[in-house]
Amino acid sequence: MAAGDQEKKMLPVKNIGLISGIVFFVLILILVPEDLIGSNSNRVLAVAALVIFWWVTEAVPMPVTALLPLLLFPFLGVMTAREAAGPYADPIIFLFMGGFLIALALEKHRLHERIALNLISFTGTSGNQIILGFMIATAGISMWISNTATAMMMLPIAAAVVNLLKADPQQRPEDLSKNEKQFALGLMLAVGYSATLGGLATPIGTPPNVVFKGLLNNFYQEELDFVTWMLVGVPVMIALVLSTYLIITRILFPNRLQHIQGSRELIRDRLRELGPLRAEEKKVLAIFFATSLMWIFQQYLNRAVIGREVFTDTNIAMCGGLLMFLVPSGKGQPLLQWSDTRNLAWGILILFGGGLCLAKALEGAGMIQFVGNMVAAKSAYGPWLVFLLIVSSVILSEFMSNVALVQIFVPVVFGISDALGVNPVLLAMPVTLSASIGFMFPVATPPNAIVFASGYIRIKDMMRAGLLLDLVSVIIVLLASMTLIRWVYG
C-alpha cells in the first residue's frame, strides 16, 4: 500500500479521534463536578481525556498533542503558565537530549554501524537470532546504566541492522515487505522493552528503584542491600525478557526471516569497507565509554569521593553530548556540528514533557492519591491484595511518570503494611517493579518514546503488544511476590 493510500485509510480514524476527544473534553467540563475528587479535577480529567484520545488515534502529530497541557492548563486555571511550562524543561528532558547527541555522534561517524555489523556476525543473521541478541545486550546494559541511555544507544544500532536487510537503504518503513516490517517492528519493540526490563534487576537500574530505596530509608531507616535485591530482580528480569521475546517473535510479530544468501559476505564486505577504527571513531567511543562509566559509578563518586550529590544522569548525559561539540575530529571540525542536530528527535522531547505536565496536574488534582487510597482500603494481606496493587501500578504507569507514581503510591502502601503488620517491602517492592512496566503507550516509559521515534512502530501495534505484555508481567511479578520476595524479605 502506498503511503498516500495508507494516509487516506487512516483519515477516518483520525477524524473520529479528533472529534471524540473534543466531545469528551466538553462533556467532562460540563457534567463532572469541579470538586469530584479534588480541586479542578473535572478540568484535569477533561484535558487528560482529550490528550489520550488524540494520542491513541494520532488525530494530530503526537508532539503537537503533547503541547495541549501547556496551553489548556493555564487557560482553565489549573496551573500558571510558568508551572505548566516547568515539566517541559524537566531534567529527564535534558537526559534525553544528551543521550540523543551521543547517539547522533555514533551515527555520524558510523560507529553504530560497526557495532551492528559485529553484533550480527556474533548472534547470527536470522530475524529471531538478531532480536534475541539485541534483547540480551540491551537488558544486560540497562541493569547498570540508565534505561533511557541504553535505549538511545541501541536504537541507531538496531536501525542500522534493519537497513542492512533492506533492498535499498533509502526505503521507507511502509515500503518494506510484510516480513521485513514484522522484523523491524519486533526489533524496535524488543529494544525498548528490554531497556525497561533490564532496569528491574538492580536497585540502580531505573529511577523508581532508587526512589523506593530512599523512601524505605526515610520511613523505616532500612537500606536495601544490592545483592539481595538482585536475588529478586534478576530472575524477574530474565522471566520477563524471555516472555517478551516469545510474545514478539512467536505470537504477535513473527518475521520468518531466515538466513539470506550472501548476507555474511555482505557483512564482511561492509566491515572491510569501514576499515580499522578511525581517530574520530575512537574519540566518540571514548566519550561514550566515559559517559557510561560515570553513569555506573556516579553514586560511589557522589557519596564516597565528593561527599555530596554532584553527578546525576542528566548532567553526565549533557556533558557527554556537549563534548561531542568540543572535541575535534582530527579534520578541523568537532565531532558534532550544530547542523547535525536537524536529525535530533525534538518531537520526542516535547512528547515526554507533555506527559510529565499531565502527570503533575493529575497529582495536583488528587486523582492519583484517590486511586491509591481506594486500593489501600483492602484489609487483608494476601495474593488478592498484592494483585490489586500490582494491577493498579501497571495501569497508572501507562499514563504518568513511573517516578511520580512510586513517590505517591509507595507511602500509601507503607501505610497498608503498617496496619497489617507486615514487612513493607513485601507490598512496596511489587508496586515499584510494576511501576516500570508500562508498555502500551510511547509516553509510558522513556525507552518506549525513544523506539517509537524510529518510525517503524504504529501506536496500535505498541498498544497491542503492550497490553499482552502488561498482562504477562502482572502474572510474573505476582508469582515473584508470593515466592522470591517472601523468601528474601519475609
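This is a predicted model: local features need pLDDT of at least 70, side-chain atom pairs count only at pLDDT 80 or more; totals for chains, interfaces and linings use all residues.
Residues are numbered from 1 along each chain as its sequence is written, and side-chain values use heavy atoms, leaving out hydrogens and water.

**View 1. Helix 12 against helix 22.** The axes of helix 12 (residues 226-252) and helix 22 (residues 459-482) cross at roughly 150° and come within 10 Å; helices are DSSP runs (H or I, at least four residues) numbered from the N terminus. Axes are lines fitted to C-alpha atoms over the stretch in contact, with angles from 0 to 180 degrees between N-to-C directions.

**View 2. Residues between helix 12 and helix 22.** Contact (heavy atoms within 4.5 Å) involves residues including Val236, Leu240 and Ile247 of helix 12 and Arg464, Leu468 and Ile476 of helix 22. By class, 12 nonpolar, 3 polar and 1 charged residues make up this contact.

**View 3. Helix 11.** Helix 11 (residues 207-220) has 14 residues and reaches 20 Å from its first C-alpha to its last. Its buried residues (under 20% relative accessible area, 1.4 Å probe, protein chains only) are Pro208, Asn209, Val211, Phe212, Lys213, Leu215 and Leu216. Helix 12, helix 19 (402-420) and helix 20 (424-435) are among what covers them. Gln221, with a positive phi near 50°, follows helix 11.

Definitions and conventions
Helices (H or I, at least four residues) and strands (E, at least two) are DSSP runs, numbered from the N terminus. Ala, Val, Leu, Ile, Met, Phe, Trp, Tyr, Cys and Pro count as nonpolar, Asp, Glu, Lys and Arg as charged, and the others, Gly among them, as polar. The expected span of a helix is 1.5 Å times one less than its number of residues. Buried means under 20% relative accessible area, exposed over 50%, partly exposed in between (1.4 Å probe, protein chains only).
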